[in-house]
Amino acid sequence: MFWILKHGVKYTGMPGWAAKDRDDEVRRMVAFVRLLPEMTPATYRSLTEVPGVTDAKIATCAGCHGADGRGRNQPDMPVLGGQSPAYLRAALEAYATGKRQSAVMANAAATLTPAEMTRLVDHFAAMKGIGSVTPSGSTEAAKIDREGLPKVQLPACASCHAPGKPYPVLAGQRASYIAQRLRNWRGDETVVDARKSQSTMPVIARRIPEDMIDPLAHYLAGR
């Protein structure tokens with residue numbers, strides 16, 4: 001099922017997954033398809049709808065990200081509440097144009113008008129969440145966040161992800177989401193580095209020691 005959803009079926013009109021290097025999304029869809037035959041309508045609604053949200057566009061986002069912007073306690077959903085409007089707007093535009101890869105978010109963002117994007121980003125940015133906690137945890141994780149690892153050319157996380165920077169704030173983000181994204185960026189361990197993506201975050205993720213991914217994620221989450 002994973003192969004079919006990722007690559008499609010030739011000569012049938014069924015396309016492959018519409019985002020490159022997003023096996024995490026394909027795995028999530030495989031899990032959903034496996035459960036779907038025995039899923040009740042009530043269960044489906046509980047997974048996709050949030051009661052009490054009347055704005056249709058906000059309700060669509062809240063179906064995954066929660067009415068409070070905290071991801072409905074799902075380990076692979078990022079906390080949006082409290083992120084800067086500029087970053088959230090840039091992310092939506094990147095998904096809509098394909099600059100940032102996500103088949104799920106591309107479908108959600110492509111239909112939005114500029115005015116709808118503004119309303120959505122202002123809505124979620126005004127919520128409490130990101131930046132509301134102080135990172136805490138191991139001293140090794142704190143060093144990576146503040147100083148990086150110069151020996152392996154790993155920059156400090158805070159050099160790009162501190163408040164006021166044009167990139168997402170990580171203080172208060174869900175630890176499981178951070179760890180998952182870092183591991184996804186690292187790619188298949190059996191593939192040589194030269195054949196992997198040379199974009200900024202994949203390169204950075206591969207320079208983080210594997211045994212420091214979880215401690216760093218928990219540190220940034222503010223445990």
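Which backbone oxygen lies 3.0 Å from a polar atom of the side chain of lysine 196? I began my notebook with this question, and I keep in mind throughout that the model is a predicted one. I found that the oxygen belongs to arginine 186.

**Entry on lysine 196**

I looked up where lysine 196 sits, and its place is in the loop between helix 10 and helix 11. I then checked its charge partners: lysine 196 is buried yet has no salt bridge, and the nearest side chain of opposite charge, that of glutamate 189, is 4.6 Å away. A salt bridge needs the nitrogen and the carboxyl oxygen within 4 Å, so glutamate 189 does not qualify as a partner. Leaving aside residues up to four places away in sequence, I listed what lysine 196 touches, and the list holds Arg186, Gly187, Asp188, Glu189, Val191 and Arg206.

Arginine 186 had now come up as the residue giving the backbone oxygen, and I turned next to its side chain. The side chain of arginine 186 meets that of glutamate 189 in a salt bridge, with 3.6 Å from N to O. Are the two partners buried or exposed? Arginine 186 is buried, because its relative accessible area is 9%, whereas glutamate 189 is exposed, because its relative accessible area is 56%. I also noted that salt bridges with shared partners join Arg183, Arg186, Glu189, Glu210 and Asp214 into one network.

**Entry on helix 10 and helix 11**

Helix 10 and helix 11 pack at an angle of about 100°, and their axes are 8 Å apart. Angles of 65 to 115 degrees count as roughly perpendicular, which means that helix 10 is roughly perpendicular to helix 11. On the side of helix 10 the contact is made by Leu182, Trp185 and Arg186, and on the side of helix 11 by Met201, Pro202, Ala205 and Arg206. Helix 11 covers residues 200-207, and I found Pro202, Val203, Ile204, Ala205 and Arg206 buried within it. The buried residues of helix 11 pack against helix 10, which runs over 175-186.

**Entry on other salt bridges**

How many salt bridges does a search of the whole structure find? The search gives twelve, and I wrote down two that lie elsewhere in the chain.

Arginine 22 forms a salt bridge with glutamate 25, and their closest N and O atoms are 3.8 Å apart. Arginine 22 is buried at a relative accessible area of 10%, and glutamate 25 also counts as buried, at 4% relative accessibility.

The side chains of arginine 28 and aspartate 76 meet in a salt bridge of 2.7 Å, N to O. This pair links distant parts of the chain, since arginine 28 is in helix 2 (residues 23-35) and aspartate 76 is in the loop between helix 4 (56-65) and helix 5, 48 residues apart. I noted that arginine 28 counts as partly exposed at 28% relative accessibility, while aspartate 76 is buried at 18%.

**Entry on alanine 96**

Alanine 96 counts as partly exposed because its relative accessibility is 33%. Not counting residues up to four places away in sequence, I found that alanine 96 touches Ala109, Ala110 and Met117.

Conventions. Residues are numbered from 1 along each chain as its sequence is written. This is a predicted model: local features need pLDDT of at least 70, side-chain atom pairs count only at pLDDT 80 or more; totals for chains, interfaces and linings use all residues. Side-chain values use heavy atoms; hydrogens and water are left out. Buried means under 20% relative accessible area, exposed over 50%, partly exposed in between (1.4 Å probe, protein chains only). Helices (H or I, at least four residues) and strands (E, at least two) are DSSP runs, numbered from the N terminus. Contact means heavy atoms within 4.5 Å. Lys and Arg count as positive and Asp and Glu as negative; His and the chain ends are not counted. A polar contact is a pair of N or O atoms within 3.5 Å; within protein, one must be able to donate a hydrogen and the other to accept it, and residues adjacent in sequence count only if both atoms are side-chain atoms. Axes are lines fitted to C-alpha atoms, for helices over the stretch in contact, and angles run from 0 to 180 degrees between N-to-C directions. Angles under 35 degrees count as roughly parallel, over 145 as roughly antiparallel, 65 to 115 as roughly perpendicular and the rest as oblique.
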